[in-house]
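Here are a few notes to read alongside the model. Keep the 3D view open and find each spot as you go.

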Amino acid sequence: MPEFHPGNWVEDAVDWLQTHLGWLFDFINTVLTGLYDGINAVLGGGEPLLLAGIFAVIAFWLRGLAAGVIAFVGFVLIDLFQLWDEAMQTLSLVLAAAVITIVIAVPTGIWAARKKSVSAAVRPVLDVMQTMPAFVYLIPGVMFFSVGTTPGLLATIIFSMPPGVRMTELGIRQVDGELVEAAEAFGTSPKHTLTRVQFPLALPTIMAGVNQVIMLALSMVVIAGMAGAPGLGERVYAAVTQVQIGLGVESGVAVVILAMYLDRMTGALNVRVSPLGRRAAAKATAMMGRMRFVRYKPGSAVALCGVVVLALVAGGMNFADSGSKEQASGSTNVGKGKQLNMGYIPWDEGIATSYLWKEVLEQRGFKPNLKQLDAGPLYTSLAQGETDFQTDAWLPTTHQQYWDKYGSKMEKLGSWYGPTSLELSVPSYVKGVKSLADLKGKGKKFDGKIIGIESSAGEMKILKEKVLKDYGLEGEYKVVSSSTSSMLSELKRSIQKKEPVVVTLWSPHWAYNAYDLTKLDDPKGSFGKGEKLYNVGRKGFAKDNPVVASWLKNFHLKEKQLTSLEDKIQGAGKGQEQKAVKEWLKDHPGFVDKMAPAPGGEKKQGKDAGKAVQMGYFPWDEAIATTYLWQNILEDRGYKPNVKQLDPGPLYTALAQGQMDFQTDAWLPTTHEQYWRKYKDRLTDVGSWHGPTSLELSVPDYVKGVDSLEDLKGKSDMFGGKITGIESSAGEMKILKKVLKDYGLDKEYKVVSSSTSSMISEVDRSVKQKKPVVATTWSPHWVYSKYPMKKLDDPKGSWGKGDHIHVTAKKGFEKDFPELYGWLKDFHMSEDDLGSLEATIQSGGKGKEKESARKWLDSHPGMEDKLAPVK
């Protein structure tokens with residue numbers, strides 16, 4: 001039989017929908033998250049005990065005094081578990097999903113009850129919705145909306161919809177037909193028959209459906225924790241994947257308390273809103289005689305007053321406390337409350353480094369939000385921009401499948417550890433098994449299984465598809481997918497019983513310190529070479545968060561540091577990860593400042609602080625970039641820099657006359673030779689900070705057949721007979737005349753003098769229209785990063801040798817500014833640093849050069865002390 005995989009069609013359909021209906025998904029996401037955020041703001045906005053009192057008053061109103069007391073005790077217990085915020089997030093998810101579900105389900109059920117064709121069409125849809133495994137609903141949710149609140153809400157709405165529709169339809173259909181006929185006989189309209197006869201009588205059944213909707217919603221939001229939905233589900237998922245028995249029990253009890261409260265309250269609400277329910281309750285109370293006080297319930301007005309009073313008190317206390325929370329102060333408040341979303345896979349090094357960064361970012365004034373996810377959802381979330389960064393990307397092997405799929409939508413933020421190794425391991429008491437080859441024929445000893453980790457891990461894929469096949473172990477061994485914590489639990493249990501076991505491990509890992517294990521040799525190299533551990537961020541993270549990105553790029557941990565941090569977390573117990581990190585940092589003083597140096601934290605004053613410095617520049621990109629860079633540095637060092645833009649001629653004249661102190665963009669010995677020859681006796685060459693450079697003509701790479709200056713001959717019609725130049729005063733423009741003459745182009749092409757910005761604009765316009773253009777450019781320049789331009793070869797060497805970029809100053813500059821002279825003499829910038837500085841200034845836009853240079857400087861901690869050291 002031929003293979004049939006409709007799943008491929010579904011994936012194609014998802015891709016098409018993402019491409020063409022993004023606006024719709026954005027709208028749905030806005031509605032769902034907005035509703036959730038609104039409810040959560042109310043439930044999470046007050047003091048836990050006062051909110052517990054509100055819930056108790058509601059229980060008192062609906063079911064009586066005993067129910068109110070029990071409800072209060074239950075919610076207090078949740079608070080004692082330190083799970084109040086998570087419980088309110090879960091309750092918010094349930095209420096948000098239930099509201100939307102009921103709004104859709106009840107009208108649909110009424111429609112189905114009144115039209116058989118609708119009922120016939122809806123029934124199979126409800127069957128599919130009700131029997132489809134709940135986990136499946138999370139897949140499209142994650143694909144369309146990434147991880148977080150929205151996919152959880154969407155899956156919950158779909159999953160809990162069927163009972164709402166079915167019970168509403170059943171309730172309407174069960175209303176006595178004779179009553180409906182009687183209403184119609186008295187001239188009641190169909191609308192009023194529904195609202196005054198059918199709906200009131202069907203209300204008990206409909207409310208039973210509402211109860212089931214809420215119960216199913218609660219069960220689904222717990223499952224939705226796998227997709228990053230906040231609340232108790234996230235805690236339950238963490239407890240399951242990390243085998244945290246205590247956290248699992250506490251989270252489970254909290255879910256039970258919420259479930260019982262919602263079940264009892266929605267059941268009692270039926271009595272309050274249904275005429276039949278009120279009649280039955282009144283009859284039961286009357287039969288109790290003198291004991292009727294036991295069933296006393298306050299009136300709606302009394303209960304409402306109690307709720308309002310408690311809500312006002314809770315809101316007032318929350319408002320009073322809002323300004324009292326500790327903030328990172330002074331120079332360490334880099335984040336200023338900015339939220340960063342972090343994700344981690346529950347692997348030990350991922351847990352350790354994620355909680356380490358969470359603590360450090362909080363100390364630096366950020367608000368990091370940390371979420372546990374499996375590898376697949378985590379990389380999907382990064383690609384969709386919902387998660388900012390994660391610290392545990394194993395490349396180029398383990399996580400290569402995700403990088404291949406999403407690499408264009410992510411960016412590497414530096415490797416912080418490596419090389420690693422993947423391996424299978426056995427306890428050292430297992431004799432005769434030292435290599436993967438030794439496993440062959442010994443399957444019965446290990447019950448024919450290899451204990452694995454998360455099925456989404458790249459190591460599992462390599463093990464199943466390559467390692468077992470290479471060593472002939474397929475069929476003899478079955479790889480049991482579980483989780484890292486489950487694998488470690490199985491390893492611990494087996495060692496305690498002295499039983500043989502094969503587990504999937506990697507190095508570094510604390511298990512090798514805790515247990516006496518044998519790494520099985522891999523003589524065929526099937527696991528591949530060692531990997532490196534990378535920080536990986538969403539696309540654009542470094543641009544949006546340059547300071548944090550620079551910290552991550554410079555982050556490194558030695559094996560001893562990593563294993564000691566992991567051991568500290570393991571010893572602290574589950575749920576105490578951040579506390580363990582704080583203790584570890586106490587044992588490593590100065591580590592935070594090294595890991596995340598606060599930019600501009602300490603403004604060191606220079607020896608000549610207070611002196612005014614006159615700086616000039618002409619509008620070339622490297623001049624703009626370095627001038628505003630030095631303006632920021634000098635201000636930090638206490639100088640008073642004044643920046644002025646001039647053309648090269650007036651600027652060199654001003655330097656020679658002593659009206660300017662220095663400039664950073666002298667191209668020597670060629671481009672600015674005319675000015676240097678004229679004024680060199682009245683100038684100071686402080687030194688070269690970058691080079692060699694090059695001058696060139698360039699064309700877009702889609703212009704075929706033009707790779708050299710010689711290729712321009714006879715092709716002037718293609719380029720409109722012109723070469724787009726820059727400022728006429730630039731030395732390059734003078735040299736260009738010689739270049740054209742050497743290649744016989746002087747009569748075929750006309751050089752159009754303009755400005756650097758006009759030349760860039762012409763390149764931009766031409767590239768967008770796919771038109772040929774010849775531009776006067778030079779290296780280094782950001783134009784080669786932004787546009788597909790290629791440099792034309794100069795086989796005759798007419799442009800001359802590359803220049804070096806110098807700092808030139810007035811005569812006597814060293815005497816007037818000895819400290820600054822020393823800084824500028826030692827000033828050097830790599831092409832990468834210069835390019836990124838220019839790009840940052842370009843992104844900042846006109847008029848924001850100084851602010852953009854400051855942003856770049858802050859994103860390179862330590863750069864200022866390197867360029868302008870103060871002893």
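How are helix 34 and helix 35 oriented to each other? Keep that in mind for point 1, and remember that this is a predicted model.

1. Start with helix 34 (residues 831-844) and helix 35 (residues 849-858), whose axes come within 8 Å and cross at roughly 135°. Angles over 145 degrees would count as roughly antiparallel and 65 to 115 as roughly perpendicular. The two helices are therefore oblique to each other. As for handedness, the crossing of helix 34 and helix 35 is right-handed.

2. Now look at who meets whom there. Helix 34 brings Asp833, Ser836, Leu837, Thr840, Ile841 and Gly844, and these meet Glu849, Ser852, Ala853 and Trp856 of helix 35.

3. Next, hop over to threonine 777, which sits in strand 18 (residues 775-779). Is threonine 777 buried or exposed? With a relative accessible area of 1%, threonine 777 is buried, because the cut-off for that is under 20%.

4. Check the neighbours of threonine 777 too. Its side chain makes a polar contact with the side chain of serine 698, at 3.1 Å. Leaving aside residues up to four places away in sequence, threonine 777 touches Leu695, Glu696, Leu697, Ser698, Glu732, Met759, Val783 and Tyr784.

5. Finally, the record. An unreviewed UniProt entry lists several stretches as "transmembrane region", among them residues 49-78 and 201-224. In the model, residues 201-224 are 96% helix and 0% strand, with end C-alpha atoms 36 Å apart. Residues 49-78 are 97% helix and 0% strand, and their end C-alpha atoms lie 10 Å apart.

Conventions
Residues are numbered from 1 along each chain as its sequence is written. This is a predicted model: local features need pLDDT of at least 70, side-chain atom pairs count only at pLDDT 80 or more; totals for chains, interfaces and linings use all residues. Side-chain values use heavy atoms; hydrogens and water are left out. Helices (H or I, at least four residues) and strands (E, at least two) are DSSP runs, numbered from the N terminus. Buried means under 20% relative accessible area, exposed over 50%, partly exposed in between (1.4 Å probe, protein chains only). A polar contact is a pair of N or O atoms within 3.5 Å; within protein, one must be able to donate a hydrogen and the other to accept it, and residues adjacent in sequence count only if both atoms are side-chain atoms. Contact means heavy atoms within 4.5 Å. UniProt positions are given in the numbering used here, feature names are shortened, and annotations may be inferred rather than shown by experiment. Axes are lines fitted to C-alpha atoms, for helices over the stretch in contact, and angles run from 0 to 180 degrees between N-to-C directions. Angles under 35 degrees count as roughly parallel, over 145 as roughly antiparallel, 65 to 115 as roughly perpendicular and the rest as oblique. A crossing is left-handed if the near helix is turned anticlockwise from the far one by less than a right angle, and right-handed if clockwise.
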